[in-house]
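Please look over the structure below. Some questions on its fold and its surroundings come after it.

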There are 2 protein chains.
Amino acid sequence: MKKIKTRDRILDTSLTLFNCVGEPNVTTLLISDELEISPGNLYYHFKSKGDIVEELFGRFEAEMLDLLAVPEDADISLDQNGFFLHLMFETVARYRFLYQDLVNVLSRYDQLQARFKRLLKKKTTAFQVICESFRRQGMMEINGEELESLCEQLTLTSCYWSSFDTLSHLEDRESVDPGRGVYQMMHLVLPYLAPGEQDEVRLMSRDYL
Amino acid sequence: MKKIKTRDRILDTSLTLFNCVGEPNVTTLLISDELEISPGNLYYHFKSKGDIVEELFGRFEAEMLDLLAVPEDADISLDQNGFFLHLMFETVARYRFLYQDLVNVLSRYDQLQARFKRLLKKKTTAFQVICESFRRQGMMEINGEELESLCEQLTLTSCYWSSFDTLSHLEDRESVDPGRGVYQMMHLVLPYLAPGEQDEVRLMSRDYL
DNA sequence: GTCTATAACGGGATAGAC
DNA sequence: GTCTATCCCGTTATAGAC
């Protein structure tokens, strides 16, 4: 029955608020209010609001780097790929505040910019490694130019899908539906797969609708 | 030799600044400073900063609606489609500040949200109309489920490509390269085109690299 | 139409008691 | 570790002279 440290509670609550109403709209007062602690107490644990953002980014970065460590020479199955996409979207969704106002956030905490770009690059590389693996296994046929275009498209979609989705489908359904992005990612790859694999992915992707 | 009205100069300068450093980072003082007029003068022409944003949005909306009025039953050629994409990316680039901090901007000027969503829907519909036209002309083969997925993907890409591009390729090249988005859009459609049309689009898309 | 001066407000951050 | 009180500053917006 150990009680959670205030410092961690601040981080958790901040993350929730950032995701809900957007980081720029969350004041330090709102955070401390929500936690029912004083603003002064918050500043005892973090010397600035930026520090909170940076620590949250650090967690995000660590999780992503961990996830993106895809083995170069392994034979990756369609199932493994689906699982990988699933985890990635799950992680992005948990830190979606970063993506919702990307330019704004990165401009105010400028040391994050380089680190974010590094992540982007690693993402694209990971997709390339996966596609190469598919190609080696005879499951995919694609030329170099299209491969590059596809992997950039996958990176873009992995970043922005959830923002786009919540924005464009707010009326239709109310569940946040994190899986729809995975569906979309699979459909990007679909045309380049061999016929048998196409059917398999079509079936898999249904689960995410 | 008619001199430009201050009101319009305010709008133009605001747009430039918004695009450069992001709308949230642009204060009314910065705008008036840049124009070498007093803050009071600015507030003589616009009753609030929000009014400037809304008027700029109005211009954007009008241009987009004009562009998106695609005739339902026309036979659209690949060239026409390329031209359409070109114009769309050009327009989006001119008002890119809206997209760079979308959630933030829409949350602070909430009457814009509904109008923005309407635009999104119209965009997707326009892409559907174009694809249907291609299909009718025997230039494209695609089933209903994939058509929907593709058109959403096109809409997403048309919104976020330029932000993504400036973000991820800042080191490599310094030109802002608005055409790369068109290239990417064409490559999304490519796999669903008939072989002859594929070659044509491949050639066309090169111009945008 | 344009200016200067200033009010009004809000958010980030600190000092010092407990 | 936590609180209250308060400072400081940037930003929006207005008042009133020219």
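Predicted model: local features only at pLDDT ≥ 70, side-chain atom pairs only at ≥ 80, totals over all residues.

Q: How many helices does chain A have?
A: The elements of chain A run α-α-α-α-α-α-α-α-α-α-α from the N terminus on. Strands number 0. The count of helices in chain A is 11.

Q: What percentage of the residues of chain A count as buried?
A: The C-alpha atoms of chain A fill a box of roughly 60 × 40 × 35 Å along the principal axes. Chain A has 209 residues. Of these, the buried share is 33%.

Q: Which residues of chain A does UniProt list for "domain: HTH tetR-type"?
A: The listing comes from an unreviewed UniProt entry. In the model, the end C-alpha atoms of the span lie 25 Å apart, and the span is 77% helix and 0% strand.

Q: Which element gives the most to the surface near DNA strand D?
A: Around DNA strand D there are 16 residues, and A:S38, A:G40, A:N41, B:G40 and B:Y43 are the closest. By class, this surface has 6 nonpolar, 8 polar and 2 charged residues. At least two residues each come from α3 of chain A and from α2 and α3 of chain B. With 4 residues, the element that gives the most is α3(A).

Q: Is B:Y208 buried or exposed?
A: B:Y208 sits in the segment after α11 of chain B. A residue needs 20 or more other C-beta atoms within 10 Å to be buried. B:Y208 has 20, so B:Y208 is buried.

Q: How far apart in space are B:Y208 and B:V182, C-alpha to C-alpha?
A: Leaving aside neighbours within four places in sequence, B:Y208 is in contact with B:G179, B:R180, B:V182 and B:Y183. B:Y208 and B:V182 are 26 residues apart in sequence. In space, their C-alpha separation is 6.6 Å.

Methods
Residues numbered from 1 in each chain as written. Chains lettered and ligands numbered in written order. Near = placed C-beta within 6 Å. Nonpolar A, V, L, I, M, F, W, Y, C, P; charged D, E, K, R; others polar. Buried ≥ 20, exposed ≤ 12 C-beta atoms within 10 Å, placed from the backbone. Contact = placed C-beta atoms within 7 Å. UniProt positions renumbered as here; feature names shortened; annotations may be inferred.
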